[in-house]
Amino acid sequence: MNLDTFFQKDTYLSNTSRGLISGFVGGLAGTAVKSLIEEFLPVRKIEQKSAQLKIVDDLSTKITGTPISLENEALAEQLVNFPFGASIGAAYGYGKKDKDVMNLADGLIFGATTWVSTHETSLPLVGLEAKPTDIPIKMQANELFAHIAFGITTEFVRSFINERMKRSQQGRRN
């Protein structure tokens, strides 16, 4: 059995593989869209470091004895963003492994719950971000918007990739 035939099957293993792969790719695309939006809509004060940068900065200091240089901060931040987005995208894809049809409402919910579970709860709890009550509502709205765009993009790409993988063999027969 070749890979195309494997992905076309409607079995637990095939559905799971398609879900993980399509969700992973969707998460990468969603992260790219979220990062682009955050270039135009402020999600934190200019002098404030992101949670991602704090993590990489702390790791760099422990390993090399020096924090990340200013010119490498943007890259360092994305070195956390993209793997995280791809990972939660893969988990989302796994959760939707038996649902081939695109549902943008699911993507909206995915993006909003990602925002709530990170920026509104876990990051403030571990001290990587200020409490939500200390962040201006405009910046919170921008962050929520970016996360909703992340979720919708993840769902759109997940659905598209999943469908292409499932139909790849059928297209070659025609």
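**Figure 1. From the N terminus on, the protein chain runs α-α-α-α-α-α.** That comes to six helices and zero strands, where helices are DSSP runs of H or I with at least four residues, strands are runs of E with at least two, and numbering starts at the N terminus. This is a predicted model, in which local features need pLDDT of at least 70 and side-chain atom pairs count only at pLDDT 80 or more, while totals for chains, interfaces and linings use all residues. Residues are numbered from 1 along each chain as its sequence is written, and side-chain values use heavy atoms, with hydrogens and water left out. The C-alpha trace spans about 55 × 35 × 25 Å along its principal axes.

Figure 2. Of its 174 residues, 43% count as buried; buried means under 20% relative accessible area, exposed means over 50%, and partly exposed is in between (1.4 Å probe, protein chains only). Take the contacts (heavy atoms within 4.5 Å) between residues at least 6 apart in sequence: 79% of them join residues at least 24 apart. As for charge, the mean positions of the 19 positive and 19 negative charges sit 8 Å apart. Lys and Arg count as positive and Asp and Glu as negative, with His and the chain ends not counted; each charge is placed at NZ of Lys, CZ of Arg, CG of Asp or CD of Glu.

**Figure 3. Helix H2 (residues 12-40) meets helix H4 (residues 73-95).** Their axes come within 6 Å and cross at roughly 145°; axes are lines fitted to C-alpha atoms, for helices over the stretch in contact, and angles run from 0 to 180 degrees between N-to-C directions. On the H2 side, the residues that meet H4 include Gly 19, Gly 23, Gly 27 and Ala 32. Those on the H4 side include Gly 85, Ala 86, Gly 89, Ala 90 and Gly 93.

**Figure 4. Zooming in on H2, we find Gly 23.** At 0% relative accessibility, Gly 23 counts as buried. Leaving out residues up to four places away in sequence, Gly 23 touches Arg 18, Ala 86, Gly 89, Ala 90, Gly 93, Thr 154 and Arg 158. Ser 69 is 46 residues from Gly 23 in sequence, and their C-alpha atoms are 33 Å apart.

**Figure 5. Val 157 lies in helix H6 (residues 137-173).** With a relative accessible area of 17%, Val 157 is buried. Apart from neighbours within four places in sequence, Val 157 is in contact with Val 25, Gly 26 and Ala 29. Pro 83 is 74 residues away from Val 157 in sequence and 17 Å away in space, C-alpha to C-alpha.

**Figure 6. Leu 53 sits in helix H3 (residues 51-64).** Leu 53 counts as buried because its relative accessibility is 5%. Setting aside residues up to four places away in sequence, Leu 53 touches Glu 73 and Ala 76. Asn 15 is 38 residues from Leu 53 along the chain, with 36 Å between their C-alpha atoms.

**Figure 7. Asp 106 belongs to helix H5 (residues 104-125).** This residue is partly exposed, with a relative accessible area of 25%. Ignoring neighbours within four places in sequence, Asp 106 is in contact with Tyr 92 and Lys 96. Between Asp 106 and Glu 155 there are 7.3 Å, C-alpha to C-alpha, though they are 49 residues apart in sequence.
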